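User: I would like a close look at one part of this model, followed by an account of how the rest is arranged around it. Please keep it plain.

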Amino acid sequence: MKEKFNIITSTCIPLPMENVDTDQIIPARFLKATSREGFGDNLFRDWRYDKDGKPIETFVLNDPTYSGCILVAGKNFGSGSSREHAAWAIADYGFRVVVSSFFADIHKNNELNNFVLPVVVSEGFLAELFNTIGVNPKAEVIVNLPEQTITNRETGHSETFDINPYKKHCLMNGLDDIEFLLSKKNDIEAYEAGRK
Amino acid sequence: MANTLFDKIWDAHVVNLIDGGPTQLYIDRHYCHEVTSPQAFDGLRQRGLKVFRPEKTFCSPDHNIPTLNQDKPISDPVSRNQVETLTRNANEFGVTLYGLGHKKNGIIHVIGPENGLTLPGYTIVCGDSHTSTHGAFGAVAFGIGTSEVEMVLASQCILQPKPKTMRINVNGKLRNGVTAKDIALYIIAKMTTGGATGYFVEYAGETIRNLSMEERMTVCNLSIEMGARGGMIAPDEITFAYCKGREFAPKGEEWEKAVAYWRTLKSDEDAVFDKEINFDAADIEPRITFGTNPGMGMGIGESIPAPDPEDEAGKISYAKSLEYMGFEVGQKLEGHPIDYVFLGSCTNGRIEDFRAFANFVKGKKKADNVTAWLVPGSWMVTDQIKAEGLDKILAEAGFELRQPGCSACLAMNEDKIPSGKLAVSTSNRNFEGRQGPGSRTILAGPLVAAASAITGILTDPRKI
């Protein structure tokens, strides 16, 4: 069972790049592990470290000004490869929420399946949030899953976000899809019998 | 009610509709490779589960495997462990494995169709975004994450929100020297890298209908590069002729029954799509990319366009992308020196790609400044290359064939383009570092790759 999700209040780490693909989130050469753990060390590896493994100071994860468990990213986050290792890396690093105006489909599912909440906001809300964090890196955001709202505490602006009721129930109760599917074995067998 | 091709197949596979939630969808065919499956098999082990329908899952290691000396142990111990883990898992859970050294081993998206495992009307998934390739047969095929791989292993089902539908029509006659890859790169550039996110795409129109099965696979393969959940093409006589006689395709009376059903798999005349887009084949030139996502592309003779001046946020990413590539707005790339050529991948690693490349370089010589990696998609492709004598034509022109695998497409094995080097690749992604840390990729079709390999500079194949 995973950590249950409810209301999260946190400062944010801003990544105002668009089309961040999963090859950038975790490069292919780090996909060789056979367990789910430890991928956070290589999150954004080639933006975070130089060829010699030294941290690149200008990259946001190496900037002590920013901290928190909410990643705020430009539109079309998680495009490209279906690698769930990208979601594992984000979760393993300590992020609980990713905010963007637009997510790639497969990556969005992968985040949800790893109890990381993808929050889709309007372009306007996102631009304002980047601005807020730029002015005050200690600005906090409240993500309220039960109410499906996200609030920028500095400006007081709030938006509602979509999540299907089934997934919301899973996140809030620490349940995963496998348990659900196993409970439907009879339906699956009936479906198979009906096709023959 | 009028239905789309996508709806017909999706609806026929619904086991349950969850209130306000995703669909429980039955999966006919599940492919596995070594990178995205170990944690899923591990999950089964931890829960004490078996594979629910082992006869529907087929495995082939492809991402990590070397393309030289495959008969020797894999030198990188971490890669070796991942490949060996797939073997152990396949044996323990009783699923079919076409392992390293097996005559059917190869890129999973190449071997599925070759063996008749991919068929019209199927739902097909794999922990790999290029699963969309199989949509070429009129199947609902899409990439999934590892948690979802575990779901399929455990229950032969997946929970998925139903995507919206889009039809992309391409009509008219293709110009000389324009390949299926160019069609796809053109569409992606027009749609942008995220332009089809949330949609399942059906490709239609005269130009698409006139493509061979392998060309259709190239087009569907790249659907994910504009964000689409998948891409598909209605099955027709070309599809049936391709499938007939393949090992896992139905035989005899079963075949006749199957074809009768497959003939119903097309969008009804008055079916309505959530979005419909039209392109003219005559507008498509041989294509290249200039940036770090597949949507940043242009005709080979064009100059790098300026970013949208209205899109403030987008400009930052655009500038970073060009800086990484070492290019500038307004620059022409035709004639630009290159270092590497890669022919292969699930996009362009099939026999027709090797025929096109070999026919082009026949009687010519590879440029001295170019390192060329020619990697067939499977051993069946390799065998066919040899049967047709293409290997000799390639050798005479100074090209060597490597052994099958994903290779430099994502550089998980030793086939890494060195930092700073510029590669013309027939693969599917030009992301930063995709072909090796610091590598720079120009995506193109097999003819642009062949022409550029001969001249050593980015070359329009029509000018040779």
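Which residue does Tyr340(B) stand opposite in β17(B)? Please describe the sheet around that pair, what packs on it, and then the other parts of the structure.

Analyst: The model is predicted. Tyr340(B) stands opposite Ala423(B), a residue of β17(B). The two strands concerned are β15 (residues 340-343) and β17 (residues 422-425) of chain B, which pair in the parallel sense over three bridges. They belong to an open sheet of four strands in chain B, ordered β16-β15-β17-β18, with parallel pairing. β16 (371-374) and β18 (440-443) of chain B are the edges; each has a single partner strand, so one side of each is left without a neighbour in the sheet. From one strand to the next the twist averages 20°.

α16(B) packs on this sheet, where it touches β15, β16 and β17 of chain B. The direction of α16(B) makes about 145° with that of β15(B). Two packed helices are described by the angle between their axes and the distance between the axes. For α13 (residues 351-361) and α16 (residues 446-455) of chain B, the angle is about 35° and the axes are 9 Å apart. Their crossing is right-handed. On the α13(B) side the contact is made by Asp353(B), Ala356(B), Phe357(B), Phe360(B) and Val361(B). The α16(B) side supplies Pro446(B), Leu447(B), Ala449(B), Ala450(B), Ala451(B), Ala453(B) and Ile454(B). By class, the residues of this contact are 11 nonpolar, no polar and one charged.

α13(B) also takes part in covering another helix, α14 of chain B. The buried residues of α14 (residues 379-387) are Trp379(B), Met380(B), Val381(B), Thr382(B) and Ile385(B). These pack against α4, α13 and α15 (390-396) of chain B. Just after α14(B), Gly389(B) has a positive phi of about 75°.

The domain division comes next. Chain B is divided into domain 1 (1-285) and domain 2 (288-463). Taken over C-alpha atoms, the centres of these two domains of chain B are separated by 24 Å. In the contact between them, 39 residues of domain 1 of chain B meet 39 residues of domain 2 of chain B. On the side of domain 1 of chain B that touches domain 2 of chain B, α4 (108-114), α6 (180-191) and α8 (213-221) of chain B each supply at least two residues. α6(B) gives the most to that side, with five residues. By class, that side of domain 1 of chain B has 12 nonpolar, 18 polar and nine charged residues.

Chain B has another open sheet to describe, with three strands in the order β1-β2-β8 and antiparallel pairing. β1 (14-17) and β8 (157-160) of chain B are its edge strands, each pairing on one side only. Neighbouring strands of this sheet are turned by 20° against each other on average, direction ignored. Three bridges join β1(B) to β2 (residues 23-26) of chain B, and Leu17(B) stands opposite Thr23(B) in β2(B). β2(B) and β8(B) are paired over four bridges, again in the antiparallel sense. Here Gln24(B) has Leu159(B) of β8(B) as its bridge partner. In a regular strand the side chains alternate between the two faces of the sheet. In β8(B), Cys157(B) and Leu159(B) point one way, Ile158(B) and Gln160(B) point the other way, and all are buried.

Helix α8 (residues 185-195) of chain A lies across β1, β2 and β8 of chain B, running at about 140° to β1(B). The contact between the chains takes 55 residues from chain B and 44 residues from chain A. The elements that give two or more residues to the chain B side include β1, β2, β8 and α11 (312-325) of chain B. The largest share of that side, six residues, comes from α5(B). By class, the side of chain B that touches chain A has 20 nonpolar, 28 polar and seven charged residues.

Within chain A, helix α3 (residues 85-93) is mostly covered, with seven of its nine residues buried. Among the buried residues are His85(A), Trp88(A) and Ile90(A). What covers the buried residues of α3(A) includes α1 (22-25), β2 (70-73), β3 (97-100) and α4 (105-113) of chain A.

Technical notes. Residues numbered from 1 in each chain as written. Chains lettered and ligands numbered in written order. Predicted model: local features only at pLDDT ≥ 70, side-chain atom pairs only at ≥ 80, totals over all residues. Domains from an automatic or database assignment. Contact = placed C-beta atoms within 7 Å. Nonpolar A, V, L, I, M, F, W, Y, C, P; charged D, E, K, R; others polar. Buried ≥ 20, exposed ≤ 12 C-beta atoms within 10 Å, placed from the backbone. Pairing = 2+ DSSP bridges. Axes fitted to C-alpha atoms, helices over the stretch in contact; angles between N-to-C directions. Left-handed = near helix turned anticlockwise from the far one by under 90°.
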